[in-house]
Amino acid sequence: MSFTLATLKSTVQDYCETSESTFVSELDTFIQEAEERILKNVELPVFRKNVTGNASSGNPYLSTPSDFLASYSLAVIDNNRHTYPLFKHVSFIRDYTPDPTTTGLTRYYGLFDDTTFILAPTPAANYSFELHYKYRPASLTTTSGSETTWLSDNAPDAMLYGTLVEAATFLKISDEAAQYEQRFMAATSALKRLGEGYGARDEFRYDIARG
């Protein structure tokens with residue numbers, strides 16, 4: 001079983017036994033909320049990427065990719081040598097380099113805001129960086145209606161019951177929302193086991209920076 005946008009919307013309306021216009025207009029939001037819950041609670045190698053970029057000398061900030069969700073690791077490349085800064089809270093980095101004009105080879109990094117890393121010390125040169133990260137794939141709601149996504153192909157139960165949780169909550173049907181939540185949690189537990197099967201817990205290094 002898999003879902004397109006059209007078939008998922010139709011199935012949710014059938015479960016909820018309503019096609020009221022306000023409800024239907026919110027279906028995209030329900031689906032997006034379900035996708036977000038899955039992506040932030042399940043680790044799957046299929047949603048990993050590597051990108052490279054450059055920091056500017058004297059600038060302690062480095063932009064994250066537009067589809068960034070979380071960091072697994074960040075490498076500084078200097079003279080063809082990879083060094084891995086440790087992920088830290090912004091307060092640690094501010095304490096470590098209270099003067100942002102202090103420069104050197106980056107030893108720590110943190111998530112300054114949703115779109116920016118902060119580096120410490122401030123890069124002393126235009127270093128290259130390699131980021132291994134969890135990305136946010138395109139939502140099913142951005143498709144034409146007849147296409148599928150990895151989640152709608154491989155996690156249809158999680159997509160369905162996650163969307164139904166949001167739909168039942170919108171309709172203020174608390175008993176049904178609770179039942180759908182149980183099924184959603186069971187579906188995401190199965191996905192987590194899939195992730196563990198890929199060896200996600202056996203990695204040597206696992207820095208995580210939540211987006």
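Contact, throughout this tour, means heavy atoms within 4.5 Å. The model is predicted: local features need pLDDT of at least 70, side-chain atom pairs count only at pLDDT 80 or more, and totals for chains, interfaces and linings use all residues. Residues are numbered from 1 along each chain as its sequence is written, and side-chain values use heavy atoms, with hydrogens and water left out.

**Stop 1: helix 1 and helix 3**

Helices (H or I, at least four residues) and strands (E, at least two) are DSSP runs numbered from the N terminus. Select residues 5–16, helix 1, and residues 27–41, helix 3; their axes come within 11 Å and cross at roughly 100 degrees. Axes are lines fitted to C-alpha atoms, for helices over the stretch in contact, and angles run from 0 to 180 degrees between N-to-C directions. Helix 1 and helix 3 are therefore roughly perpendicular to each other (angles of 65 to 115 degrees).

Display the side chains next: Leu-5, Leu-8, Lys-9, Val-12 and Gln-13 of helix 1 meet Leu-27, Asp-28 and Ile-31 of helix 3. The residues of this contact comprise five nonpolar, one polar and two charged; Ala, Val, Leu, Ile, Met, Phe, Trp, Tyr, Cys and Pro count as nonpolar, Asp, Glu, Lys and Arg as charged, and the others, Gly among them, as polar.

**Stop 2: the nonpolar cores**

Stay with Val-12 and, leaving aside neighbours within four places in sequence, select its contacts: Phe-23, Leu-27, Leu-160, Thr-163, Leu-164 and Ala-167. A nonpolar core is a set of buried Ala, Val, Leu, Ile, Met, Phe, Trp, Tyr and Cys residues joined through side-chain atoms within 4.5 Å; buried means under 20% relative accessible area, exposed over 50%, and partly exposed in between (1.4 Å probe, protein chains only). The largest such core has 45 residues, of which Leu-8, Val-12, Phe-117, Leu-119 and Phe-129 touch the most other members. Helix 6 gives the most to this core, with eight residues. A second, separate core of five residues includes Ile-93, Tyr-108, Ile-118 and Ala-120.

**Stop 3: Thr-106**

Move to the loop between strand 6 (103–104) and strand 7 (108–113), where Thr-106 lies. At 1% relative accessibility, Thr-106 counts as buried. Beyond four places in sequence, Thr-106 is in contact with Val-76, Pro-85, Leu-119, Ala-120, Pro-121, Pro-123 and Phe-129.

**Stop 4: His-82**

Finally, select His-82 in strand 4 (residues 81–83). His-82 is partly exposed, with a relative accessible area of 37%. Its contacts, neighbours within four places in sequence aside, are Ala-75, Val-76, Ile-77 and Glu-130. His-82 and Glu-130 are 48 residues apart in sequence and 8.8 Å apart in space, C-alpha to C-alpha.

Terms used. Angles under 35 degrees count as roughly parallel, over 145 as roughly antiparallel, 65 to 115 as roughly perpendicular and the rest as oblique.
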